[in-house]
Amino acid sequence: MRNSIILISLLLLSVMGYSQQSLDEHYDVITPVQTQLDGYNTGDIELFLSAYSDSVKVYNYPDEFSYQGKDKMRVSYGGMFKNLPDLHCRLVGRMVLGNKVIDQEYVIFQKDGKPLHAIAIYTVKDGLIQEVRFMR
């Protein structure tokens, strides 16, 4: 009986330890994705770009290459932030699998405009977004 209790206790501790490790790993992967979303929604280009690697690659899902690099991203998003004061992304759902974060989003470009439904798949490495694929 005592051995069973010890075995169950060890199993519970290992599961709890694994769960905490998974939560920590998820936090590390989610942090840059949430940072860029916060920057997007406040129109803060510096905060937005701080979440991306200098050589970030951007694709339209699944494999249509759009551009590479933070400099091109700055031009593209900087213009949107400046010219679309109502720009806002509402996060509908988020999933994490390994180093991938998959966000389901509704993007509003103009206050009275119809929102765009999109999926964004972010690949995170070393605390920065290395790649993003948009499905619209």
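**Figure 1. Surface and overall make-up of the predicted chain.** The chain exposes about 8800 Å², of which carbon and sulfur atoms supply 58%, with accessible areas taken from the Shrake-Rupley method with a 1.4 Å probe and, for residues, only the protein chains shown counting as cover. This is a predicted model, in which local features need pLDDT of at least 70 and side-chain atom pairs count only at pLDDT 80 or more, while totals for chains, interfaces and linings use all residues. Residues are numbered from 1 along each chain as its sequence is written, and side-chain values use heavy atoms, with hydrogens and water left out. The secondary structure comes to 3 helices and 6 strands, arranged along the sequence as α-α-β-β-α-β-β-β-β; helices (H or I, at least four residues) and strands (E, at least two) are DSSP runs numbered from the N terminus.

Figure 2. The mean pLDDT, the predictor's confidence in each residue from 0 to 100, is 88 for the chain, and 82% of the residues reach 70 or more. Over residues 9-14 pLDDT stays under 50, and the model has 0 contacts there beyond four places in sequence, a contact meaning heavy atoms within 4.5 Å. Residues 16-21 likewise stay under 50, with 0 contacts beyond four places in sequence. Where pLDDT is low, the predicted coordinates should not be read in detail.

Figure 3. Arginine 133 is found in strand β6, which spans residues 128-135. This arginine counts as buried because its relative accessibility is 15%, where buried means under 20% relative accessible area, exposed over 50% and partly exposed in between (1.4 Å probe, protein chains only). Leaving aside residues up to four places away in sequence, arginine 133 touches Tyr59, Pro62, Asp63, Ile119, Ala120 and Ile121.

**Figure 4. The cis peptide bond at proline 62.** Tyrosine 61 and proline 62 are joined by a cis peptide bond, with omega about 0°. Proline 62 has its place in the loop between β1 and β2, and is also one of the residues that arginine 133 touches.

**Figure 5. Backbone of aspartate 126.** Aspartate 126, found in the loop between β5 and β6, has a phi near 55°, a positive value in a residue other than glycine. Most residues other than glycine have a negative phi, and most peptide bonds are trans. With a relative accessible area of 72%, aspartate 126 is exposed.
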